[in-house]
Amino acid sequence: MKKVTKGQWNGYDTYTLHSRELDVTLLPRLGNNVISIRDHIQQRDVLRRPEESELDFYLQKPYHFGIPLLIPPGRIRRGKFTYAEQEYQFDRNTANDNHIHGLHRTQAWCVSDIEEDDEGCTITTEFVTSDDPDWIRQFPVPLKLEMTLRLQGARLQQTFRIYHLGDRPAPFGLGLHTWFLLDGEPDKWTITLPVSGKYNLDEELITTGEISPLQELEQLNTGLNLQGTNFDTMFQIGNNPVQATLMHDKGYGLIYSADPEYFKHWVLYTKGEANEFLCIEPYTWLPNAPNSGLPNEVTGLIELKPEQTLELNLQLEMIYPAAT
């Protein structure tokens, strides 16, 4: 029987899913963030984990740890757009008075279900956006968000369900800003990311919608060593599998994959020259999508219709050296 145990982080309840290979810790009441994955086989942390002493920083920028949820991801010019005759004004929180990384920060989610069985364990959490005055002020169409984590062995499945509770169509985008650790050894790690091009940015770091050839980054398709890389780069997936593979030269690593029907873009981010971290970020929509003038098939903007339920799936699976 696999199990879920309860703990605390700075006085907030945590829930840890356990398997022989992994411990996965969720912090529901501070943003529903997966704040830690501990790999027992390799005896290492997989994700950038917030220390208890970093509470103030976490509250200010929760998307700097773990697997934070971005709704929607990326920048929106001046935080403003109109969709289906509804005006939206997000708070401006960047230079140039733009908005970045959505409305989800440290909202409290509720645990609605826990299941434990011989194959694995599961936790489900939920949040209704109209319960947050700041959210509904900026995105005045109510949604119910639900997330299920299922841990089986070395595989973590993450499922989102978005329920439209309003009465008019609404634009939706979701991304994850997942912080994988490189342990200060970028030269020993290789990223393989099947992509077809990279998006151009304007002077305000907003995507123009134009796509450039990969050139020297073409090696991402076959395996690029991270030594000396410096990423804050958005890529078009095109017709490729939505799958990133991050491998250490000792034969361990991970495969991070997402639903190809909805996830159209990847972002790689190293926070300066690669050393401690590589963020591998799956996005459904192109930042600033509602203002881009591009069709939804290109941007990945999802139109939610009243009473619609949208399901998005991602998976993280650890890889271990073959036994000799």
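In these legends two strands pair if DSSP finds at least two bridges between them. Helices (H or I, at least four residues) and strands (E, at least two) are DSSP runs, numbered from the N terminus. The model is predicted, and local features are described only where pLDDT is at least 70, side-chain atom pairs only at pLDDT 80 or more, while totals for chains, interfaces and linings use all residues. Residues are numbered from 1 along each chain as its sequence is written, and side-chain values use heavy atoms, with hydrogens and water left out.

**View A. The protein chain as a whole.**
The secondary structure of the protein chain consists of three helices and 28 strands. Its radius of gyration, taken over C-alpha atoms, is 19 Å, close to the 20 Å that the globule rule (2.2 Å times the number of residues to the power 0.38) gives for 324 residues, so the chain is as compact as a globular protein of that length. The C-alpha trace spans about 60 × 45 × 35 Å along its principal axes. Of the 324 residues, 54% count as buried; here buried means under 20% relative accessible area, exposed means over 50%, and partly exposed lies in between (1.4 Å probe, protein chains only). Among contacts (heavy atoms within 4.5 Å) with a separation of 6 or more, 63% involve residues 24 or more positions apart.

**View B. The surface and charges of the protein chain.**
The protein chain exposes about 13700 Å², and carbon and sulfur atoms supply 44% of this area. Accessible areas come from the Shrake-Rupley method with a 1.4 Å probe; for residues, only the protein chains shown count as cover. There are 28 positive and 46 negative side chains, and the centres of the two sets lie 2 Å apart. Lys and Arg count as positive and Asp and Glu as negative, whereas His and the chain ends are not counted. The place of a charge is taken as NZ of Lys, CZ of Arg, CG of Asp or CD of Glu.

**View C. The open sheet that begins with strand E1.**
Five strands, in the order E1-E2-E3-E4-E5, form this open sheet with antiparallel pairing. Its edge strands are E1 (3-9) and E5 (44-45), each of which pairs on one side only. Seven bridges connect E1 with strand E2 (residues 12-18) in the antiparallel sense, and Gly7 has Thr14 in E2 as its bridge partner. The loop between E1 and E2 holds Asn10. The phi of Asn10 is near 55 degrees, a positive value in a residue other than glycine, and Asn10 is partly exposed, with a relative accessible area of 25%.

**View D. The open sheet of nine strands.**
The strand order is E11-E12-E13-E14-E28-E24-E23-E18-E21, and the pairing is antiparallel. Strand E11 (110-116) and strand E21 (224-225) stand at the edges with a single partner strand each, so one side of each is left without a neighbour in the sheet. The partner of E21 shown here is strand E18 (residues 189-192), joined to E21 by two bridges in the antiparallel sense. Ile191 has Leu224 in E21 as its bridge partner.

**View E. Strand E13 and the strands on either side of E13.**
Strand E13 (residues 143-152) is mostly covered, with eight of its 10 residues buried. Eight bridges link E13 to strand E12 (residues 121-128), and the two run antiparallel; Thr122 stands opposite Arg150 in E13. Strand E14 (residues 155-164) pairs with E13 over 10 bridges, again in the antiparallel sense, and Leu143 has His164 in E14 as its bridge partner. In the hairpin of E13 and E14, two residues lie between the strands, and Gly153 takes a positive phi near 60 degrees.

**View F. Strand E26 and two of its pairings.**
All seven residues of strand E26 (residues 277-283) are buried. In a regular strand the side chains alternate between the two faces of the sheet. Phe277, Cys279, Glu281 and Tyr283 point one way from E26, while Leu278, Ile280 and Pro282 point the other way. Strand E17 (residues 178-181) pairs with E26 over four bridges in the antiparallel sense, with Thr178 opposite Ile280. Strand E25 (residues 265-269) also runs antiparallel to E26, joined by five bridges; the bridge partner of Trp266 is Pro282.

**View G. Backbone details in two loops.**
Ile71 and Pro72 are joined by a cis peptide bond, with omega about -10 degrees. Pro72 lies in the loop between strand E6 (69-70) and strand E7 (75-76). Asp183 is found in the loop between E17 and E18. The phi of Asp183 is near 60 degrees, a positive value in a residue other than glycine, and Asp183 is partly exposed, with a relative accessible area of 34%.
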